[in-house]
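Open the structure in your viewer and keep the selection tool at hand. This tour goes from stop to stop, saying what to select and what to look for.

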Amino acid sequence: MKSRALVANIKDNVATAIDDIKVGERIFIKSGESKIEVDIIQNIPFGHKFAIEEIVKGNEVVKYGEKIGAATSDIKVGEHAHIHNVESNRGRGDRKRRGEVQA
Amino acid sequence: MKFMGYRRENGSVGIRNHVVILPTSVCSSETAVKISNQVPGSVALPHQHGCCQVGEDYKQTLRTLIGMGSNPNVGAVLVVGLGCEGIRPREVGEEIKRTGKQVEVITIQECGGTLNTIAIGARIAKEMAQKLSLQQRVECDVNELVLGLECGGSDPTSGIAANPALGVASDILVGMGGTSILSETTELIGAEHILVERTKSEETAKRLLKFVQTTEDRAISMGEDLRGSQPTPGNIEGGITTIEEKSLGCIYKAGSAPIEGVLDYAEAPKGKGLYFMDTPGEDIDSITGMLAGGAQIVVFTTGRGTPTGSPIAPVIKVTGNSKTYNNMVDNIDINAGKIIDDDVSLEEMGQEIFKEMLEVSNGKLTKAEVLGHREFGIFRIGFTF
């Protein structure tokens, strides 16, 4: 069966949907040599990401084997990971304006 | 490997044979367009700059205009100035003449107004176009090609399919002794540590990091979250969450070749191989930088779909998203969505892109060319006074 999501690197804690995936679906994804099974708990549009491991608030979100940002709330397995719960740590002039330290 | 191109006086090779009508300022841009309208085979490069600029910003605009005229795809140049602008029309003409190609310079103030300038300019351009029409393509080696790598309107398929496939094509060209330019400094933010590992010298590594730092500092100094503009709203709608994610997908375009050197905006590479050029993430300004640096061909990957081309170079569009390909089939040349939908390998897709590059270098028109897309923009780094 055609894969419906991709894990770019075995270090990743998110996968990218390559199909529209509906809440309640159970999908199988190849990650390196192994196969992982994820129960999708929110609708995931084509191209969007979902967690394949529990990501605790403040922890790194990893795709392509590299950090792409940090979780701004806990993200459960199968949950949509996007701008509502992941923030960038780069180019954050807003943090400087508020007097926060640049990460 | 060989292809058929136009050999220039200085030994460089063009894959197109344009007469360029080059305005030195916004004040002569409309007149340049009107001249070009009279002469099929010529193309104007209208822009909004060229006067009341200072320092590095002035130098960059000057370098860009000279670079566009000097590009090997350009067979002859008519420089059209107003006459009193900051960028001196005769200086631009003299610099382009170093390539050995025919260059003429006129100004609106010397010609006596718009109508006289159109008449005089059109007569000059007409002679140039006729002369260039006699030039035959000759056999050239692919190592003469300079490829500009561009991505725009990215979505997550760009990082999964289109960019890695373009990376394969770029590696093929570099492997054959050719040159490839990665650009878009903004889209290195969060991925610079990977590229730095591939630089050939400590100095190159330092300059590359400096470019990224300067760009990020520019965003931070404005007191805003870069996410207000990068990733763009369309990138985000497609599923890209942060600039780091966008950048990590973006750099696949550069394949796996080592980085020979880094270039200022519109600076020509000193040798062959893979280079990085300091340009913004905005596509049109970025492409201009690479063309002014001597690239003859651009391969442009997109996820969301974009129509843009260039006045002087073919732009080949590749998408990794089959829906986008079908939606904008008039604009997109290659569907790399086959990687996701049909399990076509990156290697096969890279070969297909390289084959298309060769055909286009031999004269095949891209969809952007057929549709008359001639977008042109110059990256400004200072204020207008």
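Start where chain A and chain B come together. This is a predicted model. The area buried between chain A and chain B is about 2600 Å². Carbon and sulfur atoms give 56% of that area. Now select A:Phe46, A:Tyr64 and A:Arg90. These residues supply 27% of the area that chain A buries against chain B, more than any other three residues.

Chain A brings 30 residues to it, and chain B brings 35 residues.

Next, look for charges. How many salt bridges are there between chain A and chain B? The count is seven. For one of them, select A:Arg90 again, together with B:Glu192. Their side chains meet in a salt bridge, at 2.7 Å from N to O.

By class, the side has eight nonpolar, 10 polar and 12 charged residues.

Keep strand β7 of chain A in view and pick A:Ala71, which lies in it. Is A:Ala71 buried or exposed? With a relative accessible area of 5%, A:Ala71 is under the 20% cut-off, so A:Ala71 counts as buried. Show what surrounds A:Ala71. Beyond its neighbours within four places in sequence, its contacts include A:Ile55, A:Val56, A:Val61, A:Asn85 and A:Val86. Then draw a line from A:Ala71 to A:Arg97. The two are 26 residues apart in sequence and 21 Å apart in space, C-alpha to C-alpha.

Last stop: aromatic rings. Over all chains, the structure holds three aromatic pairs. Select B:Phe211 and B:Phe276. Their ring centres are 6.5 Å apart and their planes stand at 45°, so the pair is tilted. B:Phe211 sits in helix α8 (residues 202-221) of chain B and B:Phe276 in strand β11 (residues 273-277), 65 residues apart. Both are buried.

Now select B:Tyr265 and B:Phe379. Here the centres are 5.6 Å apart and the planes at 65°, so this pair is edge-to-face. B:Tyr265 lies in the loop between β10 (259-263) and β11 of chain B, while B:Phe379 lies in the segment after α15 (367-370), so the pair ties together parts 114 residues apart in sequence. B:Tyr265 and B:Phe379 are both buried.

Definitions and conventions: Residues numbered from 1 in each chain as written. Chains lettered and ligands numbered in written order. Predicted model: local features only at pLDDT ≥ 70, side-chain atom pairs only at ≥ 80, totals over all residues. Heavy atoms only, no water. Contact = heavy atoms within 4.5 Å. Buried area = accessible area lost by both parts, 1.4 Å probe. Salt bridge = Lys/Arg side-chain N within 4 Å of Asp/Glu carboxyl O. Nonpolar A, V, L, I, M, F, W, Y, C, P; charged D, E, K, R; others polar. Phe/Tyr/Trp six-rings, centres within 6.5 Å; stacked < 30°, edge-to-face > 60°. Helix = DSSP H or I, 4+ residues; strand = E, 2+ residues; numbered from the N terminus. Buried < 20%, exposed > 50% of the residue type's maximum accessible area, 1.4 Å probe, protein only.
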